[in-house]
Amino acid sequence: METYLVVGLGNPGSQYAHTKHNVGFDVTDLLCRRWNVRLDKKKLGGTLTETTYAGKRVVICQPQTFMNLSGECVIQLLNWYKTPLDHLLVIYDDIDLPIAHLRMRKSGSAGTHNGMRSIIAHVPGQDFPRLRVGVGAPPEGWDLVRWVLARCQTREEQSAMDEAFQQAAACVETWIESGTEAAMCKFNHK
């Protein structure tokens with residue numbers, strides 16, 4: 001049975017929980033709740049669970065290597081599960097998308113994201129699906145690091161992000177069931 005890898009990027013540690021940079025963790029946590037599974041294994045540089053969804057084997061993982069070393073975990077996952085790149089989906093924050101907007105892609109560059117830079121440096125190519133969750137650009141007076149390590153600023157912003165996490169989880173499910181094109185068609189317009 002082929003294995004699908006769903007990797008949510010973030011930084012380990014309670015001080016980073018629910019910050020903009022940890023939206024990958026938030027989405028994968030939500031997926032685990034939806035599927036009634038727990039991230040209960042610590043191996044290959046991450047915290048993960050193995051389950052099935054839509055008749056397919058799925059591994060959900062949160063790298064525990066800190067963001068800028070995410071590739072170390074991802075290459076171990078790919079090698080251990082012998083997974084082709086098109087069965088790897090990486091979920092992460094994007095400052096170039098408006099808050100709570102989603103963008104699914106088949107491949108691409110890392111842009112300004114250090115976690116994706118690390119992954120692309122470690123894996124054989126950049127032709128793997130990725131789901132970006134918009135966190136918006138830093139407001140005037142905020143530097144980038146402070147912005148991505150901050151939590152939502154208003155109740156409205158948190159509500160929009162909570163809805164985005166629900167949509168992102170549904171996007172992952174569509175990707176597993178029907179592929180990248182179907183997920184792009186269904187979720188990129190929101």
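These questions and answers cover the cavity, the pocket and the salt bridges of a predicted model.

Colleague: How many cavities of 30 Å³ or more are there, and what is the volume of the largest cavity?
Modeller: The model is predicted, so the totals for linings use all residues. The count comes to one cavity of 30 Å³ or more. The space in the largest cavity is about 30 Å³.

Colleague: Which residues line the largest cavity, and how many are nonpolar, polar and charged?
Modeller: The lining consists of K20, I99, G134, V135, C152, E157 and M161. Gly counts as polar, and Lys and Glu count as charged. By class, that gives four nonpolar, one polar and two charged residues.

Colleague: What is the volume of the largest pocket, and which residues lie nearest its centre?
Modeller: The largest pocket has a volume of about 410 Å³. Its lining takes in 24 residues. Nearest the centre lie H21, D93, T112, H113 and N114.

Colleague: Which helices and strands each supply at least two residues of the pocket lining?
Modeller: By class, the lining of the largest pocket has eight nonpolar, ten polar and six charged residues. The elements that each supply at least two lining residues are β5 (88-94), β7 (130-134) and α4 (144-148).

Colleague: Is E173 buried or exposed?
Modeller: Buried means under 20% relative accessible area. R34 has 36%, so R34 is partly exposed. E173 has 11% relative accessibility, so E173 is buried.

Colleague: Which residues are linked with E50 in a network of salt bridges?
Modeller: Side chains of opposite charge can pair when their charged atoms come close. K43 meets E50 at 3.5 Å, N to O. R57 also forms a salt bridge with E50, the closest N and O atoms being 3.6 Å apart. The residues linked with E50 are K43 and R57.

Key. Residues are numbered from 1 along each chain as its sequence is written. This is a predicted model: local features need pLDDT of at least 70, side-chain atom pairs count only at pLDDT 80 or more; totals for chains, interfaces and linings use all residues. Side-chain values use heavy atoms; hydrogens and water are left out. On a 1 Å grid over the protein atoms alone, a cavity is a set of points where a 1.4 Å probe fits but cannot get out, and a pocket is an open set with protein on both sides within 12 Å along at least five of seven lines; lining residues have an atom within 4 Å of a point. Grid points are joined across faces, edges and corners, and a volume is the space filled by probe spheres set on the points. Helices (H or I, at least four residues) and strands (E, at least two) are DSSP runs, numbered from the N terminus. Buried means under 20% relative accessible area, exposed over 50%, partly exposed in between (1.4 Å probe, protein chains only). A salt bridge is a side-chain nitrogen of Lys or Arg within 4 Å of a carboxyl oxygen of Asp or Glu.
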